[in-house]
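Reader: I have a model to go through. Can we take a few residues one at a time?

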Amino acid sequence: MAAWLGTYGTETFGEGVYPRPAAVVMQYTGMSEVTGNEPPTYCCVGTGDGIASYRTMERRVRRIQENGTDAEIEVFDGLPHGFGLGEGTPAEGWIDHAVSFWERQMQE
């Protein structure tokens, strides 16, 4: 949903018109669509996710980058779907990376 809202805007989903986000931060999504209208995007996912393939997310991020938009992905070895903040796992600290990504976008 975060990716769709960032790409299509709130009005597409029956809401009022709101400013586009400075960035989208999302975890483990299977969304592969890239329109060329994506905002800067930070993603993270585990290689053990049986719902959202990290490979799908890597391809999506690469396509966003090819369109000239800033995008990053962190892939965490062995983590399943739903690792949350990742405390005590290889993903610990991902939220700090996401915040740094968002802050960079706010400066531009």
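Author: Helices (H or I, at least four residues) and strands (E, at least two) are DSSP runs, numbered from the N terminus. This is a predicted model, in which local features need pLDDT of at least 70, side-chain atom pairs count only at pLDDT 80 or more, and totals for chains, interfaces and linings use all residues. Residues are numbered from 1 along each chain as its sequence is written, and side-chain values use heavy atoms, with hydrogens and water left out.

Reader: Where is the place of Asp49?

Author: Asp49 sits in the loop between strand S2 (41-46) and helix H2 (54-66).

Reader: Which side chain does the side chain of Asp49 make a polar contact with?

Author: That of His81, at 2.8 Å. A polar contact is a pair of N or O atoms within 3.5 Å; within protein, one must be able to donate a hydrogen and the other to accept it, and residues adjacent in sequence count only if both atoms are side-chain atoms. The Asp49 side chain also reaches the backbone nitrogen of Ile51, at 2.7 Å.

Reader: What else is Asp49 in contact with, leaving aside neighbours within four places in sequence?

Author: With contact meaning heavy atoms within 4.5 Å, the list is Tyr28, Leu79, Pro80 and His81.

Reader: Tyr28, then. Buried or exposed?

Author: Tyr28 is buried, because its relative accessible area is 18%; buried means under 20%, exposed over 50%, partly exposed in between (1.4 Å probe, protein chains only). Tyr28 lies in the loop between S1 and S2, and its phi is near 30 degrees, a positive value in a residue other than glycine.

Reader: Switching to Pro19: buried or exposed?

Author: Exposed, because the relative accessible area of Pro19 is 74%. Pro19 is in the loop between helix H1 (2-8) and strand S1 (24-27).
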